[in-house]
Amino acid sequence: MHFFFSHSPDIWERHPELVPGVLVAQGIHRNAIVQAQVAHYHAIARARLGAVGTEADLPEVQAWRRTFGRMGLKPTQYRCASESLLRRFRKEGSLPPIHPLVDLCNAVSVAFAIPIAVFDLSQVSEGLEVRCADGTESYLAFSGETETPERGEVIFADADGRAHARRWTHRQSARSAVRDDTSHVLIVAEALHANAAADVPQLLAALSEALAEAWAPPAACAVLRKDAPRLVY
């Protein structure tokens with residue numbers, strides 16, 4: 001399997017503070033034991049939330065709120081994925097189990113307050129580019145409905161014009177969600193806060209270690225930059 005991941009030049013121009021981290025993992029299966037790792041990262045998230053008022057006070061979340069605001073989105077209506085997870089975690093005290101890989105990535109996401117997306121690469125055509133929609137792309141919602149992102153909306157798009165996430169880090173598509181038979185995935189973490197250049201590599205290191213314990217070491221791992229914006233695998 002050969003594919004690429006990148007952000008468009010326009011995204012880099014509009015958001016020069018962006019720090020994306022990407023991992024490729026293979027040999028994924030749902031029989032892995034990750035409860036200890038999940039509990040560890042939940043404890044970190046719980047401590048961080050205990051030291052502030054709410055998740056909205058965390059600098060990682062504040063940076064995404066500012067970015068959503070600049071994109072014309074109401075930050076309290078459209079939240080980045082990590083804020084939504086933290087909000088649920090704070091209110092319920094835990095997150096519902098879905099799949100070992102998803103549970104692990106969600107736990108790391110709430111610990112770092114950085115959105116993490118996981119894509120089943122068997123459902124992605126050629127690669128993914130984070131770019132502005134042209135208004136012709138299709139998006140499969142978890143409800144089963146097919147949506148058309150608005151022109152100019154930031155999406156994760158593949159070569160067949162399918163949107164695998166809407167409003168950037170707000171909501172992924174059901175098309176490439178992790179399933180019981182998922183084995184090969186792309187994991188993307190994106191941050192915009194002041195300490196992102198240090199935090200994203202730490203997040204990648206944490207995920208790499210956890211993946212190696214539960215499945216296998218990542219097949220590829222990189223922090224992307226404006227002058228090196230593309231992972232090819």
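Visitor: Where is S6 found?
Guide: S6 is found in strand 1. Keep in mind that this is a predicted model.

Visitor: Is S6 buried or exposed?
Guide: S6 counts as buried, because its relative accessibility is 5% and the cut-off for buried is under 20%.

Visitor: What is S6 in contact with, leaving aside its neighbours within four places in sequence?
Guide: S6 is in contact with L128, E129, V130, P229 and R230.

Visitor: How many bridges join strand 1 to strand 4?
Guide: There are 4 bridges between strand 1, residues 4-7, and strand 4, residues 127-132. The two strands run parallel. F5 stands opposite L128 in strand 4.

Visitor: And strand 4 with strand 7, parallel or antiparallel?
Guide: Strand 4 and strand 7 run antiparallel. They are joined by 4 bridges, and strand 7 covers residues 154-157. C132 has V154 in strand 7 as its bridge partner.

Visitor: What holds paired strands together in general?
Guide: Strands of a sheet pair through backbone hydrogen bonds, in a parallel or an antiparallel way.

Visitor: New topic. Where is the place of R151?
Guide: R151 is in the loop between strand 6 (146-147) and strand 7.

Visitor: Buried or exposed?
Guide: R151 is exposed, because its relative accessible area is 68% and exposed means over 50%.

Visitor: What does R151 touch, not counting residues up to four places away in sequence?
Guide: R151 touches A133, D134 and G135. C132 is 19 residues from R151 in sequence, yet their C-alpha atoms are 7.1 Å apart in space.

Visitor: Now the open sheet. In what order do its strands come?
Guide: The order is 3-10-2-11. That makes 4 strands, with antiparallel pairing.

Visitor: Which are the edge strands?
Guide: Strand 3 and strand 11 (220-223) are the edges, and each of them pairs on one side only. From one strand to the next, the twist averages 15°.

Visitor: How many bridges join strand 2 to strand 10?
Guide: There are 8 bridges, and these two strands run antiparallel. V22, for one, has V188 in strand 10 as its bridge partner.

Visitor: Which strands does helix 5 touch as it packs on the sheet?
Guide: Helix 5 touches strand 3 and strand 10. Its direction makes about 160° with that of strand 3.

Visitor: At what angle do helix 4 and helix 5 pack?
Guide: Helix 4 (residues 81-92) packs against helix 5 at about 90°, and their axes are 9 Å apart. The two helices are therefore roughly perpendicular to each other.

Visitor: Which residues make that contact?
Guide: Helix 4 uses S82, L85 and L86, while helix 5 uses N106, S109 and V110. The contact has 3 nonpolar residues, 3 polar and no charged.

Visitor: Last topic. How many residues has the largest nonpolar core?
Guide: The largest nonpolar core has 34 residues. Those with the most contacts inside it are L101, I116, I187, L203, L207 and W215.

Visitor: Which elements give two or more residues to this core?
Guide: They are strand 2 (19-26), helix 2 (35-50), helix 5 (100-112), strand 3 (116-120), strand 10 (184-191) and helix 6 (196-214). Helix 6 gives the most, with 9 residues.

Visitor: What is I116 in contact with, leaving aside its neighbours within four places in sequence?
Guide: The list includes C105, V108, I187, V188, L203 and L207.

Visitor: What about the second core?
Guide: A second, separate core has 29 residues, and F3, A63, W64 and L224 are among them.

Definitions and conventions
Residues are numbered from 1 along each chain as its sequence is written. This is a predicted model: local features need pLDDT of at least 70, side-chain atom pairs count only at pLDDT 80 or more; totals for chains, interfaces and linings use all residues. Side-chain values use heavy atoms; hydrogens and water are left out. A nonpolar core is a set of buried Ala, Val, Leu, Ile, Met, Phe, Trp, Tyr and Cys residues joined through side-chain atoms within 4.5 Å. Buried means under 20% relative accessible area, exposed over 50%, partly exposed in between (1.4 Å probe, protein chains only). Contact means heavy atoms within 4.5 Å. Two strands pair if DSSP finds at least two bridges between them. Axes are lines fitted to C-alpha atoms, for helices over the stretch in contact, and angles run from 0 to 180 degrees between N-to-C directions. Angles under 35 degrees count as roughly parallel, over 145 as roughly antiparallel, 65 to 115 as roughly perpendicular and the rest as oblique. Ala, Val, Leu, Ile, Met, Phe, Trp, Tyr, Cys and Pro count as nonpolar, Asp, Glu, Lys and Arg as charged, and the others, Gly among them, as polar.
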